[in-house]
Amino acid sequence: SRHRPCRVNRGSGKMLVLVIGDLHIPQRVSAIPEKFKKLLVPEKIEAVMCTGNLVSQEMFGYLKSLSSDVHIVKGDFDENTLPETKTVTIAGWKFGLCHGHQVVPWGDMEALAMLQRQLDADVMVTGHTHKFSVDVHEGSLFINPGSATGAYSGMQSDLVPSFVLLDVQEARLTIYVYELHKSSGPEPYELKVKEIKHTKPEK
């Protein structure tokens, strides 16, 4: 189907939701960076939201190894029968998920806001631009996790590999952004982490 709703029931304790996408493995990149893989520990990840363009079945299996609760939408290079959009409810937050190539102009906030309203989402998660972004628009949160592999994109040069971990609490989201920046030190890439907090607006 084109749209699929889903609800995640959680236990107590701090659990994280992985938001990842635009991997393009193996067509454009051979693998997820090792520095990222070391951070992705199955016991800590409650659910996975993927914006699509995994491109390979192996990557689907990899995400399944991190959590049994995986939500994926169809990217423009995915051939399997995935939904175009999906809603996922976690701890009272309704997340809308879409790859984003369907939203024109690509990455445009007004166009994304129309989709967010259609899905009635508190948080809209999209990809496609291969560039991380977090925006608040009319009280709703918009997250683009970027490309976890820094895969080539016709829209961007100097791509920074990135993914997002969300700590989802009833009234507050904490967004942890992980990016690999080119380094002048002994290692070619340096891991940088940003923390962004978002509080649910009063209805």
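Reply: A residue is called buried here when its relative accessible area is under 20%, exposed when it is over 50%, and partly exposed in between, with a 1.4 Å probe and protein chains only. This is a predicted model, in which local features need pLDDT of at least 70 and side-chain atom pairs count only at pLDDT 80 or more, whereas totals for chains, interfaces and linings use all residues. Residues are numbered from 1 along each chain as its sequence is written, and side-chain values use heavy atoms, with hydrogens and water left out.

The cysteines come first. Taking a disulfide to be a pair of cysteine sulfur atoms within 2.5 Å, the structure holds 0 disulfides. Cysteine 50 takes part in none, its nearest cysteine sulfur being that of cysteine 98, 12 Å away. Cysteine 50 counts as buried because its relative accessibility is 0%. Seen from the other end, cysteine 98 is likewise in no disulfide, with the sulfur of cysteine 50 as its nearest cysteine sulfur at 12 Å; at 2% relative accessibility, cysteine 98 also counts as buried.

Helices (H or I, at least four residues) and strands (E, at least two) are DSSP runs numbered from the N terminus. Strand β5, residues 85-90, is mostly covered, with 6 of its 6 residues buried. Thr85, Thr87 and Thr89 point one way from β5, while Lys86, Val88 and Ile90 point the other way, and all of them are buried. In a regular strand the side chains alternate between the two faces of the sheet. Two strands are said to pair if DSSP finds at least two bridges between them, and β5 pairs with strand β6 (residues 93-98) in the antiparallel sense over 6 bridges.

Tyrosine 62 belongs to helix α2, residues 57-66, and its relative accessibility of 16% places it among buried residues. Leaving aside neighbours within four places in sequence, tyrosine 62 is in contact with Ile32, Lys37 and Leu40. In strand β11, isoleucine 175 is buried, with a relative accessible area of 0%. Not counting residues up to four places away in sequence, isoleucine 175 touches Val134, Leu141, Ile143, Val164, Leu165, Leu166, Lys194, Glu195 and Ile196. The C-alpha atoms of isoleucine 175 and threonine 51, which are 124 residues apart along the chain, are separated by 16 Å.

Two residues in that contact list, Lys194 and Glu195, return among the charged pairs. A salt bridge is a side-chain nitrogen of Lys or Arg within 4 Å of a carboxyl oxygen of Asp or Glu. Side chains of opposite charge can pair when their charged atoms come close. Lysine 35 and glutamate 187 meet through their side chains at 2.8 Å, N to O. Because lysine 35 lies in helix α1 and glutamate 187 in the loop between β11 (172-182) and β12 (189-199), this pair ties together parts that are 152 residues apart in sequence. Lysine 35, at 30% relative accessibility, counts as partly exposed, as does glutamate 187 at 43%.

Glutamate 179 forms a salt bridge with lysine 194, the closest N and O atoms lying 3.9 Å apart. This pair links distant parts of the chain, with glutamate 179 in strand β11 and lysine 194 in strand β12, 15 residues apart. Glutamate 179 is buried at a relative accessible area of 12%, whereas lysine 194 is partly exposed at 40%. Lysine 197 and glutamate 195 also meet in a salt bridge, at 3.0 Å from N to O; lysine 197 is partly exposed at 47%, and glutamate 195 is partly exposed at 48%.

Technical notes
Contact means heavy atoms within 4.5 Å.
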